[in-house]
Amino acid sequence: MRRTLAALSLAFGLAGCAGSDAAYTQLPPGYLRDAAEIVARADWSSPDIVTVTIAGHAFSPNELVFHRDRPTRLVLVNSTDSDHAVVADQFFTDIAVERISGGGQTTRAPWVGKVVVPAGETRELWFVPARFGAYRFECPVAGHAGLGERGLIEVGR
Ligand SMILES: [Cu+2]
């Protein structure tokens, strides 16, 4: 139920506020039906690790390359004193998520719509890219994408 409420708050758009994570345990429209199975059979002993730092209204790096079918840990470091988040609509529909973790909490859900990174904190998104593609990502906090908090993701072999 809490996750449903989180999704609703995202839908209504809380301007100027990062809100809370959107993580889904029920299959949302357009997402990978077999995400839970992909995550379960992946080998998490030596994942690819990609670290992105948020500072000065920019993601660094802002061009990310992931590899299809490779278990991946995306480490999001917020070095600012305000909250930020990551949304990437088409990318998030094409990955299978193992967990969102950080701040002493772990959320396990196969599908996500938004990852919030509170001020000064770090969050990790563990996932498997399941499709090749090129995608955009950005911070959904009002005004932040326009200030430069955006980037590109490529999933290759
Ligand atoms: Cu932001």
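What share of the contacts in the chain with a separation of 6 or more is accounted for by residues 24 or more positions apart? In this predicted model, such residues account for 72% of those contacts, a contact being a pair of residues whose C-beta atoms, placed from the backbone, lie within 7 Å. Local features need pLDDT of at least 70 and side-chain atom pairs count only at pLDDT 80 or more, whereas totals for chains, interfaces and linings use all residues. Residues are numbered from 1 along each chain as its sequence is written.

The chain contains 3 helices and 12 strands, taken as DSSP runs (helices H or I, at least four residues; strands E, at least two) and numbered from the N terminus. Of its 157 residues, 36% are buried, that is, have 20 or more other C-beta atoms within 10 Å of their own, with exposed residues having 12 or fewer, partly exposed ones falling in between, and C-beta atoms placed from the backbone.

An open sheet of mixed pairing is formed by 6 strands in the order β3-β2-β5-β10-β7-β8, where pairing requires at least two bridges found by DSSP between two strands. Because β3 (58-60) and β8 (105-107) each have a single partner strand, one side of each edge strand is left without a neighbour in the sheet. β7 (residues 95-102) pairs with β8 in the antiparallel sense over 3 bridges, and Gly102 stands opposite Gln105 in β8.

Most residues other than glycine have a negative phi, and most peptide bonds are trans. His57, in the loop between β2 (48-55) and β3, has a positive phi near 55°, and a cis peptide bond joins Ser60 and Pro61.

Terms used
Contact = placed C-beta atoms within 7 Å.
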